[in-house]
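Please keep the sequence and the structure in view while reading.

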Amino acid sequence: MAVSAWVALVACGCGPKDSKGDAAAKPLRPSASKGAEEPSATPSVSAGTEKPSAGPTGEQPGPRTQEGAIRRYEQYLHALGREDIDTVCEVAGPAAKQAEDQGFGPCTSTYVAVFQMISPEQKKALQTATVDPQRIAVRTPEKIEMPVEAIRASVTFSESDLGSSTLEYLKNDWYITD
């Protein structure tokens, strides 16, 4: 899973609920579509942060390359740091859908809880995080593993903080699928 905070939410009993009550109490998992570099018209959920989302253009497919996967994952990391729910759910859509199918709430509800579990220092570091291409694992031309050790940031992230992610090339772009 993309964010190990998901595990913490499940462990704390914040997992699947029968009720549709408080969205912040539900676990979080990403949701996806497409992403390029065009800003989203929808503001992020981050209070006081008016940075545009790097949302989908709907016109150009993402590059089906290792560099394209890295760029897409960095887009996700930066959005996570900005609490940009639209971009996070865009990139992590397939993984979020799996979680929702398992009884967890929709991406937009569950990632609100994840945002609360990331410290301000970690959020700031995620906004400028990069990925070391030497540390990723290309499984197939359409499937790339992004271990947490590949994340370069001003703070060190562990599996329990952020976790590793699998990106797959689906519908003309890279998405987090696990």
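## Overview of the fold

The protein exposes about 8,500 Å², of which carbon and sulfur atoms supply 49%; accessible areas come from the Shrake-Rupley method with a 1.4 Å probe, and for residues only the protein chains shown count as cover. The structure is a predicted model, in which local features need pLDDT of at least 70, side-chain atom pairs count only at pLDDT 80 or more, and totals for chains, interfaces and linings use all residues. Residues are numbered from 1 along each chain as its sequence is written, and side-chain values use heavy atoms, with hydrogens and water left out.

Of the 178 residues of the protein, 49% count as buried. Here buried means under 20% relative accessible area, exposed over 50%, and partly exposed in between, with a 1.4 Å probe and protein chains only. There are 6 helices and 8 strands in the protein, arranged along the sequence in the pattern α-β-β-α-α-α-α-α-β-β-β-β-β-β. These elements are DSSP runs numbered from the N terminus: helices are H or I with at least four residues, and strands are E with at least two. Among the contacts in the protein with a separation of 6 or more, 67% are between residues 24 or more positions apart, where contact means heavy atoms within 4.5 Å.

## The four-stranded sheet

Four strands make up an open sheet with antiparallel pairing, in the order β4-β5-β7-β8; two strands pair if DSSP finds at least two bridges between them. Because β4 (137-140) and β8 (173-176) stand at the edges with a single partner strand each, one side of each is left without a neighbour in the sheet. On average, neighbouring strands of this sheet are turned by 30° against each other, direction ignored. Such angles run from 0 to 180 degrees between N-to-C directions, and the axes are lines fitted to C-alpha atoms, for helices over the stretch in contact.

The pairing can be followed strand by strand. β4 and β5 are antiparallel over 3 bridges and form a hairpin with 2 residues between them; threonine 140 stands opposite lysine 143 in β5. β5 (residues 143-146) also pairs with β7 (residues 165-170), in the antiparallel sense over 4 bridges. Glutamate 145 stands opposite threonine 166 in β7.

Helix α2 (residues 66-82) packs on this sheet and touches β4, β5, β7 and β8. The direction of α2 makes about 50° with that of β8.

## Two residues and their surroundings

Tyrosine 73 lies in helix α2 and is buried, with a relative accessible area of 0%. Leaving aside residues up to four places away in sequence, tyrosine 73 touches Val131, Met146, Ile151, Gly163, Ser165, Leu167 and Ile176. Tyrosine 73 and isoleucine 151 are 78 residues apart along the chain, and their C-alpha atoms are separated by 9.8 Å.

Threonine 130 belongs to strand β3 (residues 130-131) and counts as partly exposed, at 37% relative accessibility. With residues up to four places away in sequence again not counted, threonine 130 touches Glu74, Ala150, Ile151 and Arg152. Between threonine 130 and glutamate 74 there are 5.9 Å from C-alpha to C-alpha, although the two are 56 residues apart in sequence.

## Aromatic rings

How many aromatic pairs does the protein have? The count comes to 3 under the rule that rings of Phe, Tyr and Trp (its six-membered ring) pair if their centres lie within 6.5 Å, with planes under 30 degrees apart counted as stacked, over 60 as edge-to-face and the rest as tilted.

Tyrosine 111 and phenylalanine 115 are both buried. They are separated by about one helical turn, because they are 4 residues apart in helix α5 (residues 107-117). Tyrosine 169 counts as buried at 13% relative accessibility, and tryptophan 174 counts as buried at 0%.

A charge also meets a ring: the charged end of arginine 72 sits over the ring of tyrosine 175, 4.8 Å from its centre. The criterion is that NZ of Lys or CZ of Arg is within 6 Å of the ring centre and within 35 degrees of the ring normal.
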